Amino acid sequence: MCLGVPGQVTKIWEHDQTGLLMGKVSFSGIGKDVCLSCVPDVEIGDYVVVHVGFAISKVDEDEAKQVFEYLAAMDELAELEIAQPEAP
Amino acid sequence: MKYVDEYRDEAEAQRYLEAIRSTVTRPWTIMEICGGQTHTFIKFGIDELLPDEIELVHGPGCPVCVTPLEMIERALAIARRPDVIFTSFGDMMRVPGSDADLLTIKAQGGDVRMVYSPLDAVRVAQANPDREVVFFAVGFETTAPANAMAVKQAQMLGLDNFSILSSHVLVPPAMEAILGAGDNRVQGFLAAGHVCAVMGYWEYGPIAEKYHTPIVVTGFEPLDLLQGTYMTVKALEEGRYGVENQYTRAVTLEGNAPAQQLLSEVFTTVDRPWRGIGTIPMSGYNLRPQFESFDAVQKFDVEAIAPPENEICIAGEIMRGLKKPNDCAAFGEECTPEHPLGAPMVSTEGACAAYFQYGRVG
Amino acid sequence: MSDDTPLDVDGLGACPIPISDYPNVLLAHGGGGSLSQMLIEGMFAPTFANDWLNPLHDGAVIEIDAGRMAVSTDSFVISPMFFPGGDIGSLAVHGTVNDVAMCGARPMAITVGMVIEEGLPMEDLWRIVSSIKAAADEAGVAVATGDTKVVDRGKGDGIFINTTGFGMVPDGIDIRPERIAVGDQVIVSGTIADHGIAIMSVREGLEFETALESDSASLGGLVEAILAAGGHDVHVLRDPTRGGLASATNEIAKAAGLGIRLRETAIPMQDQVLAACEILGFDPLYVANEGKLIGIVTSEVADEVLATMRSHPHGADATIIGEVVDDHHGRVLLTSRIGGNRVVDMLSGEQLPRIC
């Protein structure tokens, strides 16, 4: 499980018969209708992770950078520890 | 693609590989639970780039593979009925029962249709009021909210010709079953990122605690898997166990509250048999009584006798990480994607199918 | 999609068969009687008119120079009949013309055999026939002869078309997988997976909004340019249709008993096609192409052939994507974008969209 692909919300509306929150999500220009009812606070321009036509979470754009900063942060931490070794 | 391409960067990948190499000092066995993660490891050749000390084993994270044969027989029986339009995800179409799969039924004249989303199946029901539309609702917690929403939508629309064949399985009980087994070899876990996007990862704390096993919630792109592996190896080397989150851009501790609310509204947790493993307590979902008119098991009285599993197949041991696909005598010989003997060779997400497709023959 | 201007189907005018009289194709239209004649003399003959066809004899007699003739046949059953970037008619022409071209031959003529399902709207038949004509003109081939049958409703899925094409192979040209040698360069003429994904976008159950179109196109001109540049050093030409780039390279590697190594980062793809593959869970290496070719040429001529391809409208995005190696004989290996390797195997069965 679980092919979840990030895409950008370009339109939001309520389903005319059920009132459920729906949206148009763009994946590099491919448009798909997606159910947004589980990400009710989503706004146009936000990125969401879509699985089988359903948005399961928003993409946190700040956290998205963490993968690239992690190793540098680990190195910094290691240097600090060398500078101030903790008592065993 | 944004939030995809950058996580396939070669230079960053090499940096993580170097970090892993310089951290690891002895052998470790790490399991990733999700078929999609297995796929990425092998498709990008990451498993071969990791240092030899790290042994990757693959968990039962393929809902297609663990769907019991009895349930598949039931699906085929329903699909054969002339009054039924049987809808399903692509993955399930080639899963064989005793003598046929959904594609065979289609060839024989059954109205079997592939859909991308369970909500599409509801649309089919709306468009065909004089036919019964059944959706094969397979999946882990990631897919369950969409399946739940389909049922809810059908109810809101007042449809009486829509039902689902529910075959949901839950991850944390499976992890416990693996870690709790006497012959368990798994020392560290990469938890399934999208399952946790829905459910959060608060359930894993007690598991990590009980079995002294580090668990890292991990995403699906190469850099996610590398970072997740690095974090797990680091924890193992430092003697730490606990739960960490690598996939922070999509996962929070609490998970998706509206999705969880939807799940508890529509489903109740039950014991469930896992093909190749056996029954795991409280590891599946059934529809709640107020939605029973949408339950295909109750709606259709069909005979579903499961044939015995093939004796040579070691699926159970593979899905618990005790053996690898290429440890199996039948792998690539009698057992191939064209004529699979067991569950993990059937679906493209199964470990055996992934190994076969990407050439990990030994 | 073809870089040329779109085929002007409408330029051929309204349907010559009076639609008010015959809105749908009837069994009698394939029966050999007066209705058959009406279809042939009213629609097919005037549309395809050429010296080989005009006698309307049982077969066509064609004078050729002595030499080697390439022949290829293919049947087209695609559904839906009309799709972004083409239809079953244009596909039937391009597919066979390309197979002939892949033998190193210059396509000269095709046959068109149609099996029509009773009830097909006459307007649809006219659209398809016009499309065949336009595609044949673009490819520089004549429709030499043809056949029409009509089958009972329910037995035909609209229309099936078989085309057989032929052309002469110039002296000095020898295209065979067995000719590839260690060090040969593997070139693809443009972006992959366009056709298969364009078809997916209109297939019921999987539809998505996109500007993507099929790349269906005739490659005879491109092949001529390649052969002019590379001549005897062009070892293999192959169009990666069903089964995609992966299947085509596997077939070549297996036939030659050598290995082929591909580089993921070199393989050209449109952003939208990549996105669609991600959403559906498809591997683009296995998705069909209808207007692309793979050329395997010696390293000596690779740069020149590449430059020639890039200056041709159907080869603007041509790229060297790999090479022939003396390793993993009979198999294709891909170096992924992060540096790891994996085997690219033959597809077993049809690729299905996945949720996992």
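Chain B and chain C meet in a contact that takes 38 residues from chain B and 21 residues from chain C. The model is a predicted one. Within chain C, the domain assignment gives domain 1 (18-169) and domain 2 (177-344).

**The side of chain B that touches chain C**

- Four elements of chain B give two or more residues to this side: α1 (10-23), α2 (35-43), α3 (46-49) and β4 (111-114).
- The element that gives the most is α2(B), with four residues.
- Sorted by class, the residues of chain B on this side are 17 nonpolar, 11 polar and 10 charged.

**The two domains of chain C**

- The centres of domain 1 of chain C and domain 2 of chain C, taken over C-alpha atoms, are separated by 28 Å.
- These domains are in contact, with 22 residues taken from domain 1 of chain C and 23 residues from domain 2 of chain C.

**The side of domain 1 of chain C that touches domain 2 of chain C**

- At least two residues of this side come from each of α2 (88-101), β4 (106-117) and α3 (122-139) of chain C.
- Here α2(C) gives the most, with nine residues.
- By class, this side of domain 1 of chain C holds 11 nonpolar, eight polar and three charged residues.

Methods:
Residues are numbered from 1 along each chain as its sequence is written. Chains are lettered from A and ligands numbered from 1 in the order in which they are written. This is a predicted model: local features need pLDDT of at least 70, side-chain atom pairs count only at pLDDT 80 or more; totals for chains, interfaces and linings use all residues. Two residues are in contact if their C-beta atoms, placed from the backbone, lie within 7 Å. Ala, Val, Leu, Ile, Met, Phe, Trp, Tyr, Cys and Pro count as nonpolar, Asp, Glu, Lys and Arg as charged, and the others, Gly among them, as polar. Domain bounds come from an automatic or database domain assignment.
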